[in-house]
Amino acid sequence: MLNLFCPICQRYCDETELSCGGQAHLIRRDHASSDKDFYEYLYERKNDKGIIFERWRHVYGCGKWFHTARCTLTNQVFGSYSAKEVQPPKSILATIRRSRVDFKGWVK
Amino acid sequence: MKRYSLSSIFTEAFRDNLGWEKAWTKRQPRKEYQIIIVGGGGHGLATAYYLAKNFNITDIAVIEKGWIGGGNTGRNTTIIRSNYLQESSIGIYEKSRSLYETLSQDLNYNIMFSPRGVLMLCQTEHELRAMKRTSHANRINGVDTKMVAPEEVKEIVPIININGPRFPVLGALWQPRGGTARHDAVAWGYARKCSDFGIDIIEQCEVIGVKKKREKIVGVETTKGNIKAKKVCFVAAGHSSVLADLAGFRLPIESVALQALVSEPIKPIIDCVVMANTVHGYLSQSDKGELVIGGGADGYNNYSQRGSFLHIEETVRALVETFPVISRLRQLRQWGGIVDMTGDRSPIISKTPVDGLYINCGWGTGGFKAIPGSGWATAEMIYNEQPGKLASPFSIDRFSEGRLIDESAAAAVAH
């Protein structure tokens, strides 16, 4: 069972308290955007086998969103960070690099 | 290929069964093929088979990363049904179900198709209404299903508890022609027949790159060397996004782990398939006597082929209430498979942004039932370089064009 750190509550909580919101750092599109951009925002996903950055919501807790970095193959978690970040913070990327030497960094 | 028949069983019985051949030949890749199918599961093999059978193309390689039928084809709960809501889904799933009826004879391989009936329980008022709608849609499209009352459910499945209290059975959608088949046999049967047609089945060969020339596919790079091809089709279920990434595009797909489990074998207690969507569980009994139980998918992307323990607990907890008789059974095995979920829970059979590259994916939690129909439609698309009537509603364009084929009610959990 996944055990993720909620940066708002400042404590670990297990999967049953959380709800996953999918790929993080999507660029939100509005009605004026092109069909292609809107399609990318709504449907197209990286769906990486390896390190991903995703959104979680502490549903049965503070109710707030936060971000995590996780490996989809091993379910190893590399830490949580605020939902206000528009890209993964350096500290998280450094944590990932420490255990994955071949990690290429975050791709939009 | 030596035919399997009564006389071959007799003949072999009198010579210590020494004359049986390997079902399919394991080959090393040649330098070039007309068509490469990436993925040696049911859908990939069926695609190769129907290309050979319906269109006389045999210059095909089926490339498999692991072993034949080791992915989702060998990890599902073997349910076959076609009681979907939308016309285009009914089209392809009903084609598939009807192909399953004669597949053993077609392939000369006993796939143990058992049309034992599929019962989809309605345990809330909303579900009852949704199922009634589905049954009307089925009738309009000529699929043989009907709504049955709780008392009739009890007659069909005597071990069921229809009185709740949490999940009373209010009715059910009954498809008597649905059922199960032996999943491994489906993969093996197709592989054997493909091999007989002269199609190369190459196992332990992973695609690690895609060769393109001016946005046209010219071949693939594999762990067994480069292979050239005029056309390539990705049929890799949960790993479709990984392959698409190699080819330079993204898919509207997310991969999650879906789990199943079997109980210890017991005497026959249930002779049909029961699916309970509200409580996230479904149940049938295998010929060995094990209860085959499937449940919900994980709520987050993963490729771990294990799945979360809490989902097993959820599934089993709910099923025990609906079938009190199974409460003392022990779990024998549990496993997971990586399923490729689309936003509308309908598959993708489509051309791609790369010329000559086709894709068949997005079957999500219910691909097994669709194997023959999906192979049929994909073969047609590859041969004509254009999707046919069965496949055309399922193109990738449907997402940007807003013509989704919403099957979330029919496919939310149970398949």
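At what angle do α2(B) and α10(B) pack, and how far apart are their axes? The two helices pack at about 55 degrees, with their axes 7 Å apart. This is a predicted model: local features need pLDDT of at least 70, side-chain atom pairs count only at pLDDT 80 or more, and totals for chains, interfaces and linings use all residues. Residues are numbered from 1 along each chain as its sequence is written, with chains lettered from A and ligands numbered from 1 in the order in which they are written.

**View 1. Helix α2(B) against α10(B).** The angle makes α2(B) oblique to α10(B). (Angles under 35 degrees count as roughly parallel, over 145 as roughly antiparallel, 65 to 115 as roughly perpendicular and the rest as oblique; they run from 0 to 180 degrees between N-to-C directions, and axes are lines fitted to C-alpha atoms, for helices over the stretch in contact.) α2(B) passes α10(B) in a right-handed crossing. (The near helix is turned clockwise from the far one in a right-handed crossing, and anticlockwise by less than a right angle in a left-handed one.) Residues of α2(B) in this contact include His43(B), Tyr50(B) and Phe55(B). Those of α10(B) include Pro372(B), Trp376(B) and Tyr383(B). (Contact puts C-beta atoms, placed from the backbone, within 7 Å.) By class, the contact has eleven nonpolar, seven polar and no charged residues. (Ala, Val, Leu, Ile, Met, Phe, Trp, Tyr, Cys and Pro count as nonpolar, Asp, Glu, Lys and Arg as charged, and the others, Gly among them, as polar.)

**View 2. Helix α2(B) and its surroundings.** α2(B) covers residues 42–55. Its 14 residues reach 19 Å from first C-alpha to last, close to the 20 Å expected at 1.5 Å a residue. (The expected span is 1.5 Å times one less than the number of residues; helices, H or I of at least four residues, and strands, E of at least two, are DSSP runs numbered from the N terminus.) Eleven of the 14 residues are buried, so α2(B) is largely enclosed by the rest of the structure. (Buried means 20 or more other C-beta atoms within 10 Å of the residue's own, exposed 12 or fewer, partly exposed in between; C-beta atoms are placed from the backbone.) The buried residues pack against elements of chain B including β1 (32–38), β11 (225–234) and α7 (183–197).

**View 3. Asn56(B), after the helix.** Asn56(B) follows α2(B). It sits in the loop between α2 and β2 of chain B. Most residues other than glycine have a negative phi. Asn56(B) has 9 C-beta neighbours inside 10 Å, so it counts as exposed.

**View 4. Helix α3(B) across α10(B).** α3(B), residues 87–101, packs on α10(B) at about 115 degrees, with axes 6 Å apart. The pair is therefore roughly perpendicular. α3(B) passes α10(B) in a right-handed crossing. Tyr93(B) and Leu99(B) are among the α3(B) residues here; Ile371(B) and Ala377(B) are among those of α10(B). By class, this contact has eight nonpolar, three polar and one charged residues.

**View 5. Ile199(B) in its loop.** Ile199(B) lies between α7 and β8 (200–202) of chain B. It has 27 C-beta neighbours inside 10 Å and therefore counts as buried. Beyond four places in sequence, its contacts include Ala48(B), Ala52(B) and Cys194(B).

Key
Contact = placed C-beta atoms within 7 Å.
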